[in-house]
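This briefing goes through a protein model with its ligand, topic by topic. Please keep the sequence and the structure side by side while reading.

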Amino acid sequence: MILLDGKALAAKVKEEVRAQAALLPRKPGLAVILVGNDPASRVYVTSKRKDCEACGIYSEEYALLESTTQEELLELVAELNGRPDLDGILVQLPPARHLDESAVLEAIAPEKDVDGFHPVSAGNLLIGRPGFLPCTPAGVMAMLDEYGIDSAGKRAVVVGRSNIVGKPMALLLLRRDATVTLCHSKTPELGELCRQADILVSAAGRRGLITGDMVKEGAAVVDVAMNRDEAGKLCGDVVFAEAAARAAWITPVPGGVGPMTRAMLMKNTLLAAQNRQKAH
Ligand code: NAP
């Protein structure tokens, strides 16, 4: 069994981003907007700032009050859209409850959509055009590539159908010629489907959902989820020891998909800067 070491690969990706960013006439710039004081979101925003520092990316952070109105937030996004020194804009999700998440995501200029959540980015992915890929599934694909796990002609099963993880994950595997099954909470016979997977990606956010008997011998198992156990320790959907006994490759949690997601945001910001500096 080989551990898919997302931490090591993320460090390599960030180093590549740093080297490429240094070649640009102007530093890439990323603006991160956080509305409210959700502690988990706060942690994510801080790590994004640190990643930017490590990659030679200029970053700005907007920590807005919980009481910020939709109009105020849209005004800020519009202002950042017009800033020539900023290549990427990211609104940390979920935004405060009274805000309309889709309206906010749609307000971001598609050429600055480094999270890849804008309908234009989603549409480009669907029809196979180049564009920003959502960071988590892009990170999973980078990990499969790094370890020489070819999805062409393989059976891939994705558990979870969210717009930010499950659906784009299925599309990326399809783009790479896997035969893809996309499962969700209404899928009967989840175990049977998972057992057929050469590549099994779980993004349900349900601890203990994927047990050892649901893993095919020799499969690649990617655990996207970030759950907490009773002791508050980070864990995924997969019962690791059981699954590891059958899998040929498996991601740890933490240290698997999480660091790759962060690294791909840096890569998308670099890409946005390269595109924009070419265009101007
Ligand atoms: P989400 O929007 O809550 O979606 C969860 C999906 O899982 C839904 O499609 C849901 O089905 C499905 N699901 C829930 N219970 C299920 C079950 N018992 N059997 C089969 N499918 C089930 O979550 P998300 O934003 O995609 O995130 C998923 C997980 O990944 C979370 O743990 C999140 O923290 C983690 N995550 C990690 C990273 C990272 O960088 N590692 C990044 C993003 C998210 P329905 O559609 O039918 O409800």
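In this predicted model, helix α1, which spans residues 6–22, packs against helix α2, which spans residues 39–55, at an angle of about 55° and with the two axes 8 Å apart.

**The contact of α1 with α2**

- From the side of α1, the contact is made by Lys14, Val17, Arg18 and Ala21, and these residues meet Asp51, Ala54 and Cys55 of α2.
- Sorted by class, the residues in this contact are four nonpolar and three charged, with no polar residue among them.

**The ligand and its surroundings**

- The ligand has 22 residues around it, of which Arg161, Ser162, Ser185, Met226 and Thr261 come nearest.
- Ser162 places a polar side-chain atom 2.5 Å from an oxygen atom of the ligand, and in the side chain of Thr261 an N or O atom is 2.7 Å from an oxygen atom of the ligand.
- Helix α10, covering residues 257–279, supplies the largest share of the shell around the ligand, namely three residues.
- By class, the shell is made up of eleven nonpolar, nine polar and two charged residues.

**Arg83 and its contacts**

- Arg83 is placed in the loop that runs between α3 (70–81) and β4 (88–91).
- Leaving aside residues up to four places away in sequence, Arg83 touches Tyr58, Glu60, Tyr62, Lys112 and Arg276.
- Within its own stretch of chain, the side chain of Arg83 is joined to that of Asp85 by a polar contact of 2.8 Å.
- Although Arg83 and Gly29 are 54 residues apart along the chain, their C-alpha atoms are separated by 9.8 Å.

**Backbone geometry in the loops**

- The peptide bond leading from Leu93 to Pro94 is cis, with omega near -10°, and Pro94 is found in the loop between β4 and α4 (101–107).
- A cis peptide bond also leads from Val253 to Pro254, here with omega near 0°, and Pro254 lies in the loop between β11 (249–250) and α10.
- Asp177 has a positive phi of about 70° even though it is not a glycine, and its place is in the loop between α7 (166–175) and β6 (179–183).

Methods
Residues are numbered from 1 along each chain as its sequence is written. This is a predicted model: local features need pLDDT of at least 70, side-chain atom pairs count only at pLDDT 80 or more; totals for chains, interfaces and linings use all residues. Side-chain values use heavy atoms; hydrogens and water are left out. Axes are lines fitted to C-alpha atoms, for helices over the stretch in contact, and angles run from 0 to 180 degrees between N-to-C directions. Helices (H or I, at least four residues) and strands (E, at least two) are DSSP runs, numbered from the N terminus. Contact means heavy atoms within 4.5 Å. Ala, Val, Leu, Ile, Met, Phe, Trp, Tyr, Cys and Pro count as nonpolar, Asp, Glu, Lys and Arg as charged, and the others, Gly among them, as polar. A residue is near a molecule or strand if one of its heavy atoms lies within 4 Å of it. A polar contact is a pair of N or O atoms within 3.5 Å; within protein, one must be able to donate a hydrogen and the other to accept it, and residues adjacent in sequence count only if both atoms are side-chain atoms.
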